[in-house]
Amino acid sequence: MALKLKVSNIACEGCADIITESIHVMQPDAKVDIDVNAKTVTVESAASEESIKQVIVAAGYAVEGY
Ligand SMILES: [Cu+2]
């Protein structure tokens, strides 16, 4: 199932890389698609929504509504 999250403090491709890397540390086969302009992170993986949100927050980003 694809999870789409709004991450309001994504500012550039560097932020996108950090978030992608962080998710891949937890779940190496996750499919991560980040739209820097829309500030959205779409994740397809076996990981729970909760754990993905936690990883993004731990990387220093803010998940809207979390
Ligand atoms: Cu950045």
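Good morning. Two strands are said to pair if DSSP finds at least two bridges between them. With that in mind, let us turn to the structure above, which is a predicted model.

I begin with the sheet. Three strands form an open sheet in the order E1-E3-E2, and their pairing is antiparallel. Which strands lie at the edges? They are E1, residues 2–6, and E2, residues 31–35, each of which pairs on one side only. On average, neighbouring strands of this sheet are turned by 15 degrees against each other, direction ignored.

Let us now follow the pairings. E1 and strand E3, residues 40–44, run antiparallel and are joined by five bridges. Within E3, threonine 42 stands opposite lysine 4. On the other pairing, E2 and E3 also run antiparallel, and five bridges join them. Which residue of E3 is the bridge partner of aspartate 33? The partner is threonine 42.

E2 and E3 form a hairpin with four residues between the strands. In this hairpin, lysine 39 takes a positive phi near 55 degrees.

Next, the helices. Helix H1 covers residues 13–26 and helix H2 covers residues 49–58. The two pack at an angle of about 135 degrees, and their axes are 9 Å apart. The crossing in which H1 passes H2 is right-handed.

Which residues make this contact? From H1 come Ile19, Ser22, Ile23 and Met26, and they meet Ser51, Ile52, Val55 and Ile56 in H2. Sorted by class, the contact has six nonpolar residues, two polar residues and no charged ones.

Finally, the chain as a whole. An unreviewed UniProt entry carries the annotation "domain: HMA" for residues 1–64. Over residues 1–64, the chain is 38% helix and 23% strand. Thank you for your attention.

How values were computed
Residues are numbered from 1 along each chain as its sequence is written. This is a predicted model: local features need pLDDT of at least 70, side-chain atom pairs count only at pLDDT 80 or more; totals for chains, interfaces and linings use all residues. Axes are lines fitted to C-alpha atoms, for helices over the stretch in contact, and angles run from 0 to 180 degrees between N-to-C directions. A crossing is left-handed if the near helix is turned anticlockwise from the far one by less than a right angle, and right-handed if clockwise. Two residues are in contact if their C-beta atoms, placed from the backbone, lie within 7 Å. Ala, Val, Leu, Ile, Met, Phe, Trp, Tyr, Cys and Pro count as nonpolar, Asp, Glu, Lys and Arg as charged, and the others, Gly among them, as polar. UniProt positions are given in the numbering used here, feature names are shortened, and annotations may be inferred rather than shown by experiment.
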